[in-house]
Every structure is written in structure tokens, then in C-alpha cells.
Amino acid sequence: MDIFLTYLKVFAVGGLICMLGQLLIIKTKLTSSRILVLFVCIGAILEAVGLYEPIANFAKAGATVPITGFGRSLAKGAIQGVKEMGFLGAFAGGLTATAAGITCAVVSAFVMGLIFNSRTKKY
Amino acid sequence: MKKEKHLSRNEQFVKYVEAKTPKTKTFPTLIWAYLVGGIICMIGQGINDALMAIFPKMGQEEASTWMLIILIFIASLLTGLGLYDRIGVFAGGGSIVPITGFSNSITSPAMEFKKEGIIFGLCVKMFSVAGPVLVCGLVISFITGIIYLFI
């Protein structure tokens, strides 16, 4: 029962964030690139203010899987870096925290790009 | 016919674009975005829980990093196979906002511009969507770090 509740929270919060993105796309005609930029910035600012931590504790993957979670780990890494290394941490912290994700995305995109050919898009 | 001629070329083009842009119905797409986004997050939580069950020594932070890596790889593979775009057609924001959409936005131009060469096509265009995200994210992260340095 407990695990069911956890997944319900994950679904509710994760879905809500995605729905906000879709609402912005429909209402303001922003392109998907701008939506991604906007959400990363929102996530980073919320983490800096200290509001993202409670959301992440409440919804777990529902808050870390959306792109706001990426912005959050960028900001969180920078804060941690500053605490550990001082000024240098402000430069190094953000990328250190997200290095695994970015490298995985770039490497898999490179490999997939070499293997597969683009299909004509059917819309 | 005469009325058309009074419109400038730009206005005609705007009219044409408006006529050709597919009209998205608000309510059903919102529901789809919610469903697909929620399900992707639930899959992420499932991977996270499975990893922590299989490797008991793994901490929460490490498990969630692995979970993101696995999701990013799966999304990249699905993009390569041409399946992710099909989800994107009806899911909209539901497939863009999760980290899988970020992965899709890197893989998709990489595949598309391969014909312009490996270095100047694939490697350059790979960041046409993800580049701004990384730039803005890094700048904000740097500013956050500086602010925390002084308080």
C-alpha cells in the first residue's frame, strides 16, 4: 500500500510538471527548446531558494526525471562545490553533479547518430 | 483576388503559416501530456527501486544517477529506432519535459545532420537544441554558486 502511494505521488507530480510544459506550448507557442531552457532555469532557481528539496522528498522520481530536476542538480552541485572548494566550486560544482547525465546523452547520441539514419517525419 | 494583392508578402506568409499550422486541441493534449509524463516518471521510479533492491549497497543519490543514465540511453535508442517521435506526436510536453526529451533533442539532430559529415554535421548540430539548455543551466548554476559563496 505504501509503495502504491509513492508511485501515485510520482505520477501526480511528474505528470503535473509535464502538463505545465504542454500548457505553455499551447498558450504561448514557445518552441520545445525554449521550454527546456525555461524549465531548467525554474528548477535551478527553485533549488537555490530551497523550494525544490521538499518537492523532491515528496515526489522522488516525479521531481528528478523532469528537466527541472536537471536544473536542480546543476544548482545543487554548485552550492555543494562552494561549500567544499570555495570559489573554485562555483565553476566546477554544476558540471560535476550532472556530468554522468550529459556524457551519457552525448555518447549515446553520437553512437545512435552513427548507427541509425533519420526517417522522414510523418505528422 | 484584389484583396489578396493589398496584403504585403509578409502578411500573406503569416496567413499561410496560420492556415497550415496544425490546430492542437487544448484539453486532450493536456491529458495525454499528463499521462505520458507521469508514466515516464513512474518508470524512472521503478528503475530506481529495482536498482536499490538489486544492489543493496547503492545509496539514493547513486541509484538516481544510474536511473537517469538508463532513461537517457533508452530514450536515445528509441529516437534512433524512430519510436520516440511517434510518442511525441500525441504526448507533446509529456515527451519533451522529462529528461528523455532532453536526450531525444540531442539524438534527433545528430541523426538528421549526419549527411553533412561527422564533424560539421553530427557533432555540431547535436547541440542545436541542447546547447542553449546547457548554457543557461551552467550560467544559472555559476550565479547560484557565487551567491552562496557570499552568504
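Predicted model: local features only at pLDDT ≥ 70, side-chain atom pairs only at ≥ 80, totals over all residues.
**Chain A on its own**
- Chain A contains six helices and zero strands, giving the pattern α-α-α-α-α-α along the sequence.
- The C-alpha trace of chain A spans about 50 × 40 × 35 Å along its principal axes.
- Among the contacts in chain A with a separation of 6 or more, 59% join residues 24 or more positions apart.

**Where chain A meets chain B**
- Chain A and chain B each bring 64 residues to the contact.
- On the chain A side, two or more residues come from each of H1 (2–28), H2 (32–49), H4 (61–64), H5 (67–85) and H6 (87–115).
- H6(A) provides the largest share of that side, with 18 residues.
- Sorted by class, the side of chain A that touches chain B has 42 nonpolar, 19 polar and three charged residues.

**A closer look at H5(A) and H9(B)**
- The axes of H5(A) and H9 of chain B (residues 127–150) come within 8 Å and cross at roughly 35°, and the crossing is right-handed.
- Residues making this contact include A:Phe70, A:Leu74 and A:Ile79 of H5(A), along with B:Leu138, B:Phe142 and B:Tyr148 of H9(B).
- Glycines take part too, among them A:Gly71 and A:Gly77 from H5(A) and B:Gly137 and B:Gly145 from H9(B).
- Taken by class, the residues of this helix pair's contact are eleven nonpolar, seven polar and no charged.

How values were computed:
Residues numbered from 1 in each chain as written. Chains lettered and ligands numbered in written order. Helix = DSSP H or I, 4+ residues; strand = E, 2+ residues; numbered from the N terminus. Contact = placed C-beta atoms within 7 Å. Nonpolar A, V, L, I, M, F, W, Y, C, P; charged D, E, K, R; others polar. Axes fitted to C-alpha atoms, helices over the stretch in contact; angles between N-to-C directions. Left-handed = near helix turned anticlockwise from the far one by under 90°.
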